[in-house]
Amino acid sequence: MSATVIDGAAIAAAIRREVKAAVDALQREHGITPGLATVLVGNDPASATYVRNKRKACAEVGIASFGYELPTDTPPQKLLALLDELACRSEVHGILVQLPLPSHLDEGQVLGRVPPEKDVDGFHPSNLGVLGIRGREPRFAPCTPAGCIALLERSAIPIAGRHAVVLGRSKIVGLPLALMLLARDATVTICHSRTTDLASLTRQADILVAAIGKARFVTRDMVRPGAVVIDVGINRIEDARDPRGYRLVGDVDFEEVRTVASAITPVPGGVGPMTIAMLLWNTLRAAECSVPK
Ligand code: NDP
């Protein structure tokens with residue numbers, strides 16, 4: 001068997017086009033331009049690149065972005081005061097605090113200060129808390145898990161009644177994704193670093209999601225023939241043939257696993273492009289919710 005390769009870049013491009021059309025309509029009909037504030041603390045180059053890419057993507061679909069860059073030693077009160085100010089600004093519909101934060105800042109306190117109605121990353125406890133509750137539509141779902149669900153749904157892969165095995169329980173990927181699968185009536189197993197006999201669980205999966213940050217960890221023998229495999233991992237491995245000296249691979253051994261799976265996401269070009277597309281989607285949704293009823 002050779003798996004269907006799920007084209008995340010194409011699906012993300014389609015979502016961006018839909019967002020752009022809806023942004024144009026919001027401006028035309030209500031005079032509202034969706035706005036995203038990005039808050040970057042410190043000078044981590046990878047974080048700066050992520051924020052730059054998010055702001056560029058906003059510009060491409062007509063979302064205004066407002067960038068705030070604070071020094072590494074920013075006192076907690078100063079960051080919290082900025083979030084309070086952004087919470088009050090009507091042209092800011094979404095607030096994104098780029099993670100990770102410098103270690104002296106309490107991530108829980110900071111993310112909890114973003115008002116839930118502007119929490120386009122979906123990390124506020126009150127947004128995370130409703131993810132797994134059937135019949136409760138969350139205001140915003142975290143972008144990477146929402147991207148995984150969109151990949152499945154737009155590839156017409158059924159979720160209800162299937163056994164989904166999620167590797168990883170982080171609060172930004174594994175845990176919210178497991179809750180979202182549960183809310184869609186999958187039977188869900190969550191695995192983590194203390195799980196014993198992992199392969200016996202992964203082999204039971206109809207839908208296997210890998211979000212652990214370990215290069216090519218999931219091998220062919222861990223996958224049930226015909227399973228759908230979603231690879232969230234982004235890992236650098238050395239590659240002397242690449243001008244950068246490295247290349248990106250996922251948590252799944254793509255070449256091996258594609259011979260046994262029925263569908264699989266590649267890295268790059270699978271889940272990765274979906275994250276920013278879902279951020280744009282959430283920001284649009286935040287702006288739409290601000291339309292007076
Ligand atoms: P974290 O490091 O926060 O979490 C990793 C999770 O994997 C933890 O729950 C950990 O278990 C579990 N884990 C680690 N080793 C094993 C193992 N050997 N067996 C089973 N479980 C294990 O990572 P993130 O969730 O933030 O990210 C995961 C991957 O996804 C990374 O490669 C990251 O780069 C990528 N990513 C990709 C995004 C995208 O846009 N495509 C966005 C965000 C992340 P425990 O809880 O016990 O420690």
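Why does Ala156 count as exposed? At 66% relative accessibility, Ala156 counts as exposed, because exposed means over 50% relative accessible area, buried under 20%, and partly exposed in between (1.4 Å probe, protein chains only).

The views below show a predicted model, in which local features need pLDDT of at least 70, side-chain atom pairs count only at pLDDT 80 or more, and totals for chains, interfaces and linings use all residues. Residues are numbered from 1 along each chain as its sequence is written, and side-chain values use heavy atoms, with hydrogens and water left out.

**View 1**
Ala156 lies in the loop between helix 6 and strand 5. Helices (H or I, at least four residues) and strands (E, at least two) are DSSP runs, numbered from the N terminus. Phi of Ala156 is near 55 degrees, a positive value in a residue other than glycine. Most residues other than glycine have a negative phi, and most peptide bonds are trans. Asp197 sits in the loop between strand 6 and helix 8 (198-202). Its phi is near 50 degrees, again positive. At 53% relative accessibility, Asp197 counts as exposed.

**View 1. Strand 2, enclosed on both faces.**
Why is strand 2 (residues 35-41) largely enclosed by the rest of the structure? Seven of its seven residues are buried, so the strand is largely enclosed. One side carries Gly35, Ala37, Val39 and Val41. The other carries Leu36, Thr38 and Leu40. Both faces are covered.

**View 2. The partners of strand 2.**
Two strands pair if DSSP finds at least two bridges between them. Strand 2 pairs with strand 3 (residues 64-70) in the parallel sense, over seven bridges. Within that pairing, Ala37 has Phe66 as its bridge partner. Strand 2 also pairs with strand 4 (residues 94-97), in the parallel sense over four bridges. Here Val39 stands opposite Val97.

**View 3. His93, a buried loop residue.**
His93 is placed in the loop between helix 3 (76-88) and strand 4. Is this residue buried or exposed? At 7% relative accessibility, His93 counts as buried. Leaving aside neighbours within four places in sequence, His93 is in contact (heavy atoms within 4.5 Å) with residues including Ile32, Thr33, Pro34 and Gly35. Glu117, Lys118, Thr283, Ala286, Ala287 and Ser290 also touch His93.

In what order do the six strands run? The order is 1-11-8-7-5-6, and the pairing is parallel. Strand 1 (4-5) and strand 6 (187-191) are the edge strands, each pairing on one side only. Strand 1 meets strand 11 (residues 263-264) in the parallel sense over two bridges. In this pair, Val5 stands opposite Ile264.

**View 4. Helix 7 across the sheet.**
Helix 7 (residues 174-183) lies across strand 5 (163-167), strand 6 and strand 7 (207-210). The helix runs at about 170 degrees to strand 6. Axes are lines fitted to C-alpha atoms, for helices over the stretch in contact, and angles run from 0 to 180 degrees between N-to-C directions. Its buried residues are Gly174, Pro176, Leu177, Ala178, Met180 and Leu181. Their cover includes helix 5 (125-129), helix 6 (143-154), strand 5, strand 6 and strand 7. Just after helix 7, Asp185 takes a positive phi of about 70 degrees.

**View 5. The surroundings of the ligand.**
How many residues surround the ligand? There are 20, each with a heavy atom within 4 Å of it. The closest are Arg169, Ser170, Ser193, Ile234 and Thr275. Polar contacts here are pairs of N or O atoms within 3.5 Å. A polar side-chain atom of Ser193 lies 2.5 Å from an oxygen atom of the ligand. Ile234 places a backbone N or O atom 3.0 Å from a ligand oxygen atom. For His192, a backbone N or O atom lies 3.4 Å from a nitrogen atom of the ligand.

**View 6. Two cis peptide bonds.**
Leu99 and Pro100 are joined by a cis peptide bond, with omega about 0 degrees. Pro100 lies in the loop between strand 4 and helix 4 (107-113). Another cis peptide bond joins Val267 and Pro268, with omega about -5 degrees. Pro268 is found in the loop between strand 11 and helix 10 (272-289).

Definitions and conventions: Polar contact = N/O pair within 3.5 Å; in protein donor to acceptor, adjacent residues only side chain to side chain.
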